[in-house]
Amino acid sequence: KPSAIFNLAAETHVDRSIDGPKNFIKTNINGTFNLLESLRLLQKKNIKPKLVHISTDEVYGDVKKGRSDELYQYQPSSPYSASKASADHLVKSYIRTYKLNAVISNCCNNYGPYQFPEKIIPKMILNIINNKELPIYAKGQNSREWIHVLDHCEALFTLYLKGKNGESYNVGSGVDLKNIQLVKKLLRICKSMGIKIGKKTKIKFVKDRPGHDFRYALDSKKIHKSFRWKPKIKFDEGLKKTLDWYF
């Protein structure tokens with residue numbers, strides 16, 4: 001008899017979705033479908049938990065100018081983002097057809113402790129620790145928005161408490177960085193912390209991945225105005241604590 005379900009389970013790494021999309025379809029689409037069917041069965045027993053379905057800013061695709069709000073057209077570019085977009089559409093269809101109680105969140109890139117080292121920030125940190133090269137796609141000009149995982153969690157709990165049934169909410173920080181800026185910032189913070197940078201730890205530009213979106217940028221005014229939620233952890237401070245945790 002759950003009162004709430006947070007669906008954070010997903011295959012998330014774009015590179016792996018390009019190498020082998022099957023698991024992304026299985027987990028992100030079929031997995032969400034199974035969860036929705038379970039909720040539909042519970043509803044027949046008059047058990048009606050609230051579903052908070054966690055999605056991504058990547059469903060909006062390349063945002064060349066401005067910022068994507070909740071009404072922005074879905075234009076996924078990778079098997080990963082397409083699978084997440086599919087899941088979002090499934091959730092919306094169950095809200096409409098079966099009157100499920102659910103909200104959707106679309107968040108920007110997360111960082112913080114415990115993150116798996118396939119993601120750019122922990123990967124760069126571990127390469128610094130192990131005196132390895134720092135590979136960046138193309139010329140490092142691709143831009144991403146960053147939020148600390150604890151701020152994201154607080155936003156999700158706010159959506160459980162206050163999110164309006166059937167609505168989508170962007171969860172962003174407004175902190176936009178090009179990948180090259182991010183890696184240089186990491187190196188600067190390391191030096192300020194007295195961490196020695198090895199001779200092999202240098203930025204290396206590598207061949208770009210297929211269909212690489214140039215920029216994501218969320219318009220998060222809705223969650224700010226509706227619930228007065230905003231991120232609390234400043235990026236440099238959060239990055240320093242993240243570096244410290246991995247070391």
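**Figure 1. The charged end of R40 sits over the ring of Y98.** The distance from the charged end of R40 to the centre of the Y98 ring is 4.7 Å. A charge is said to sit over a ring if NZ of Lys or CZ of Arg is within 6 Å of the ring centre and within 35 degrees of the ring normal. The structure shown in these views is a predicted model, in which local features need pLDDT of at least 70 and side-chain atom pairs count only at pLDDT 80 or more, while totals for chains, interfaces and linings use all residues. Residues are numbered from 1 along each chain as its sequence is written, and side-chain values use heavy atoms, with hydrogens and water left out.

**Figure 2. K222 takes part in a salt bridge with E167 and sits with its charged end over the ring of Y169.** The charged end of K222 is 4.7 Å from the centre of the Y169 ring. In the salt bridge (a side-chain nitrogen of Lys or Arg within 4 Å of a carboxyl oxygen of Asp or Glu), the closest N and O atoms of E167 and K222 are 2.5 Å apart. Because E167 lies in the loop between α5 and β7 (168-171) and K222 lies in helix α7 (residues 221-227), the pair ties together parts that are 55 residues apart in sequence. Helices (H or I, at least four residues) and strands (E, at least two) are DSSP runs, numbered from the N terminus. E167 is partly exposed, with a relative accessible area of 26%, and K222 is partly exposed at 24%. Here buried means under 20% relative accessible area, exposed over 50%, and partly exposed in between, for a 1.4 Å probe and protein chains only.

**Figure 3. K50, in strand β2 (residues 50-56), is buried yet has no salt bridge.** The side chain of K50 instead reaches backbone oxygens: that of Y160 at 3.0 Å, and that of G163 at 2.6 Å from a polar atom of the K50 side chain. Such a polar contact is a pair of N or O atoms within 3.5 Å; within protein, one must be able to donate a hydrogen and the other to accept it, and residues adjacent in sequence count only if both atoms are side-chain atoms. Leaving aside neighbours within four places in sequence, the residues in contact with K50 (heavy atoms within 4.5 Å) include S3, I5, N101, L159 and K162.

**Figure 4. Y60 and Y74 form an edge-to-face aromatic pair.** A search of the whole structure finds ten aromatic pairs. In this one, the ring centres are 5.6 Å apart, with 85° between the planes. Rings of Phe, Tyr and Trp (its six-membered ring) pair if their centres lie within 6.5 Å; planes under 30 degrees apart count as stacked, over 60 as edge-to-face and the rest as tilted. Y60 and Y74 are both in the loop between β2 and α3 (79-98), 14 residues apart. Y60 counts as buried at 1% relative accessibility, and Y74 is buried as well, at 15%.

**Figure 5. The rings of F157 and Y160 form a tilted pair.** Their centres are 5.7 Å apart and their planes stand at 50°. Because F157 and Y160 are three residues apart in helix α5 (residues 149-162), about one helical turn separates them. F157 is partly exposed, with a relative accessible area of 46%, and Y160 counts as partly exposed at 23%. Together with F6, these residues form one aromatic cluster.

**Figure 6. R67 and D176 are joined by a salt bridge.** The closest N and O atoms of the pair are 2.8 Å apart. R67 is in the loop between β2 and α3, and D176 is in strand β8 (residues 176-178), 109 residues apart. R67 is partly exposed at 31% relative accessible area, as is D176 at 29%. R67 is also in contact with G174, a residue of the loop between β7 and β8.

**Figure 7. K204 and E133 meet in a salt bridge.** The N to O distance is 3.7 Å. K204 belongs to strand β9 (residues 203-206), and E133 to the loop between α4 (120-129) and β5 (134-137), 71 residues apart. K204 is partly exposed at 40%, and E133 is partly exposed at 42%.

Note on methods: Lys and Arg count as positive and Asp and Glu as negative; His and the chain ends are not counted.
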